[in-house]
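Please keep the sequence and the structure at hand while reading.

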Amino acid sequence: MKTTSFISPALLLAAILWADRQCSAAEWKLTVAACNHERSGSIVRFAAPGALRGVATLDSGDGSSLPVQIDDAGEAVFIAPALAKGATKTFVLKGATKLPALVAVEESGDVLMFTAGGQPVFAYQMAAGAVPEGVDPIFRHGAHLHPVFTPGGRLVTGDHPADHRWHRGIWMAWTKTEFEGRHPDFWNQGKGEGAAKSAEKLSAEVRFEALDLAWSGPVHGGFVSRHRFIDHSGVVSEDVLEETWDVAAYRVTVADRPLNVIDLVSTQTCASASPLKLPKYHYGGLGVRGHAAWDPVDAVTMLTSNGDDRKAGDGTKARWVHLGGKVEGAPAGLAVLIHPSNFRSPQPLRLNPKNPQICIAPSQGGDWEIAPGRSYVSRYRFIVADGPADAALLDRLWSDYAEPAIAEITAD
């Protein structure tokens, strides 16, 4: 005989409150090791104890505490204080019930807008957005980040510029390709001549598919979404790639300098049994278009981790690249940090000689392909800041990204 147990609502509420008090009261020791690098404003991850989910705090023993954000899988994230090379610091990790969100996301139509401390950080354009007056609607694009702002509120990205209407803030696309004997161009969406330019549909596109998750939090806010790379050039339209974006935004301070940090992980997989072949080419991959104020060739600066400027750095391989110039009379910019796990890292660069555009272009290294059954994963960290490029700071931030500090739960 099957029996059914019943718990009264009052008893269930009491159990929840008891569990909540137990989680809040529990304590663990957490030790952070700087290892081989000096640390400041470091984004640190660790596996949280099973009892902790949501939020927690790290008490340093001097009356100050740091917020910790824990996802449903148990990954905990916090921003560590300054630590000298080789140093360690131990905190008391305590459960918490609620902490105010520093990084917040708000959905408005087809846009996710992120703020930190109430100030804008960036927007994610999901489905294709409107184009400026006078611009052909064929250039309506989604699946990109724009606008992107410094902590001081200065815009650093451009969208639908007059010389390249298909440029759109920060995006991922491939240019020279081969797919089932055709050559879809996902980068130059809408570009063409004659009948191709006036066609009602694109010959190829990167299309927003779905928003799977979006969150706000005391340490970071972010989203997970899906895109489709679609080839329209055949008899019927065909999906070529499926892409997932996992994006998180942070506000950190390094040496008294506030920074907006955006982490992007792109995962691309074949949508059919056919590979996407990528012949050697000088651009295609991650693209960034800078502010319209930087359009004049003498109004923009570019700097790589090798110390190269725009001219010398084009076609070289680097760990990071900075794009900047004056906005509203003051210098501002963004840097792209390239993760060492990326294909062909340090990856080749395209530093456009005529406009404020940079591209991380792995196809410069020779022919390759995204094959069925294998994921192509790209990891980038964007450092968005007021002021000119600071090579020493960017070297330090890249090292922190490539080899993060280690945090472990230790026994009492």
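Asp263 counts as buried, at 9% relative accessibility; buried means under 20% relative accessible area, exposed over 50%, and partly exposed in between, with a 1.4 Å probe and protein chains only. The model is a predicted one, in which local features need pLDDT of at least 70 and side-chain atom pairs count only at pLDDT 80 or more, while totals for chains, interfaces and linings use all residues. Residues are numbered from 1 along each chain as its sequence is written, and side-chain values use heavy atoms, with hydrogens and water left out.

**Salt bridges**

Asp263 is in a salt bridge with Arg381, with the closest N and O atoms 2.6 Å apart. Since Asp263 belongs to strand S15 and Arg381 to strand S25, the pair ties together parts that are 118 residues apart in sequence. Arg381 is likewise buried, at 7% relative accessibility. A salt bridge here is a side-chain nitrogen of Lys or Arg within 4 Å of a carboxyl oxygen of Asp or Glu. Helices (H or I, at least four residues) and strands (E, at least two) are DSSP runs, numbered from the N terminus.

The structure holds 18 salt bridges. Three of them are listed here.

| Asp263 | Arg381 | 2.6 Å |

Asp212 is partly exposed, with a relative accessible area of 42%, and Arg226 is partly exposed at 34%.

**The eight-stranded sheet**

Eight strands form an open antiparallel sheet in the order S12-S13-S14-S15-S25-S21-S20-S18. Two strands pair if DSSP finds at least two bridges between them. Strand S12 (204-215) and strand S18 (300-304) stand at the edges with a single partner strand each, so one side of each has no neighbour in the sheet. From one strand to the next the twist averages 20°. S18 pairs with strand S20 (residues 320-327) in the antiparallel sense over five bridges, and the bridge partner of Val300 in S20 is Gly325.

Helix H4 (residues 391-402) lies across strand S14 (238-254), strand S15 (257-270), S18, S20, strand S21 (330-338) and strand S25 (376-386), running at about 30° to S21. Axes are lines fitted to C-alpha atoms, for helices over the stretch in contact, and angles run from 0 to 180 degrees between N-to-C directions.

**His220**

His220 is in the loop between S12 and strand S13 (221-231). It is buried, with a relative accessible area of 10%. Its side chain makes a polar contact with the side chain of Trp215 at 2.9 Å. A polar contact is a pair of N or O atoms within 3.5 Å; within protein, one must be able to donate a hydrogen and the other to accept it, and residues adjacent in sequence count only if both atoms are side-chain atoms. Not counting residues up to four places away in sequence, His220 touches Gln69, Val77, Val103, Trp215, Ala248, Ala249 and Tyr250, where contact means heavy atoms within 4.5 Å.

S11 runs antiparallel to strand S17 (residues 285-289), joined by four bridges, and Trp171 has Gly287 as its bridge partner in S17.

Lys176 is in the loop between strand S11 (170-173) and helix H2 (195-198), and is partly exposed at 41% relative accessibility.

**Confidence**

The protein averages a pLDDT of 91, and 91% of the residues score at least 70; pLDDT is the predictor's confidence in each residue, from 0 to 100. Over residues 1-24 the pLDDT is below 50. Residues 193-199 also stay under 50.
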